[in-house]
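Biologist: I'd like a close look at one part of this model, please. Start with the sulfurs, then take me through the helix packing and whatever goes with it.

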Amino acid sequence: MKNILVTGGKGQLALCIRDLSIELKDSNFFFLDYDQLDITNEEEVKRFFKTNKVDYCVNCAAYTAVDKAESEKVMAKSVNELGAKYLAQACKVSNSVLIQISTDFVFDGEQSFPYKENDNSKPISVYGSTKLDGELAISNTFENYFIIRTSWLYSEYGSNFVKTMLRLGEEKSKINVISDQVGTPTYAKDLASVIMKIINNVNSMTFGTYHYSNEGVASWYDFAKTIFDECNVGVDVFPIETKYYPTPAKRPFYSVLGKEKIKKELTVDVPYWKDSLKKCLIALKD
């Protein structure tokens with residue numbers, strides 16, 4: 001019987017993992033949110049791992065309010081760096097495997113071709129910096145980890161771009177959407193499937209840092225247009241440049257992640273983003 005701890009238990013990725021958890025018949029899952037396990041409390045983390053046998057820890061807990069992080073640096077650091085560090089230390093002591101979810105925001109977006117895992121990281125926001133520091137805290141602690149960087153995550157759960165667009169489509173007749181930031185929308189349930197595959201097939205040769213997003217490239221404008229087209233929502237969408245929509249935090253202009261490593265090492269199939277979006281929209285209707 002495998003015991004699997006999933007932190008950030010009420011977030012969209014954790015809920016997608018929960019949906020798929022029934023596939024692992026020989027596993028026992030702990031889905032814990034911050035009110036049940038505060039990963040920023042070192043003693044609390046130690047106590048949980050001492051009390052419970054943990055074979056795998058999937059860290060979905062994160063401070064993801066990108067703009068608020070610019071003024072809440074201490075909080076972002078506490079969750080994204082220290083929380084990851086405390087989990088890594090506990091996993092090392094208990095001989096557990098840590099699966100850490102990271103982000104495309106560890107890069108500056110100045111590249112014009114897909115980022116590989118070993119490309120120079122150069123975050124341009126507090127959020128990106130703290131997530132990178134979390135990665136380093138893990139890699140400096142032990143070797144039994146998978147760091148998975150992903151991008152533009154959405155699902156039928158929680159707050160995300162898809163649900164925001166659908167809400168705005170009901171409230172407005174026209175909207176402006178950023179057209180000069182490019183990346184890949186990623187369905188959280190696809191990422192959850194990759195995580196389940198790792199838990200099922202892990203071996204010591206595959207540890208390390210990986211990139212995972214859906215296939216293809218899109219701007220936020222493309223993403224929004226596709227959402228409305230698929231749902232037959234009659235709203236006019238206009239492309240605008242980032243400079244006309246200033247935010248406290250800078251975003252990478254180019255966030256496409258190369259996935260050759262995860263395809264090769266973990267034999268992962270990667271769906272095209274529009275196909276996965278259709279699945280999510282069906283799930284939202286249901």
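Modeller: Start with Cys 57: its closest cysteine sulfur belongs to Cys 91, and at 4.7 Å that is too far for a bond. A disulfide here means two cysteine sulfur atoms within 2.5 Å of each other. Keep in mind that this is a predicted model, where local features need pLDDT of at least 70 and side-chain atom pairs count only at pLDDT 80 or more, while totals for chains, interfaces and linings use all residues. Residues are numbered from 1 along each chain as its sequence is written, and side-chain values use heavy atoms, with hydrogens and water left out.

Search the whole structure and you find zero disulfides. Cys 57 is buried, at 0% relative accessibility, and Cys 280 is buried too, with a relative accessible area of 0%. (Buried is under 20% relative accessible area, exposed is over 50%, and partly exposed is in between, using a 1.4 Å probe and protein chains only.)

Contact means heavy atoms within 4.5 Å. Lys 189 counts as buried, at 17% relative accessibility. Asn 201 is also in helix 6, which covers residues 188–201, and is partly exposed at 47%. The C-alpha atoms of Asn 201 and Leu 266 are 8.4 Å apart, though 65 residues separate them along the chain.

Now the packing. Helix 3 (residues 73–94) meets helix 4 (residues 126–139) at about 15°, with the axes 8 Å apart. So helix 3 runs roughly parallel to helix 4; the cut-offs are under 35 degrees for roughly parallel, over 145 for roughly antiparallel, 65 to 115 for roughly perpendicular, and oblique for the rest. Helix 3 and helix 4 cross in a right-handed way, that is, with the near helix turned clockwise from the far one by less than a right angle. Among the contact residues are Ala 76, Ala 84 and Ala 88 of helix 3, and Val 126, Ala 137 and Ile 138 of helix 4. By class, the contact between helix 3 and helix 4 has seven nonpolar, three polar and six charged residues. (Nonpolar covers Ala, Val, Leu, Ile, Met, Phe, Trp, Tyr, Cys and Pro; charged covers Asp, Glu, Lys and Arg; the others, Gly among them, are polar.)

Conventions: Axes are lines fitted to C-alpha atoms, for helices over the stretch in contact, and angles run from 0 to 180 degrees between N-to-C directions. Helices (H or I, at least four residues) and strands (E, at least two) are DSSP runs, numbered from the N terminus.
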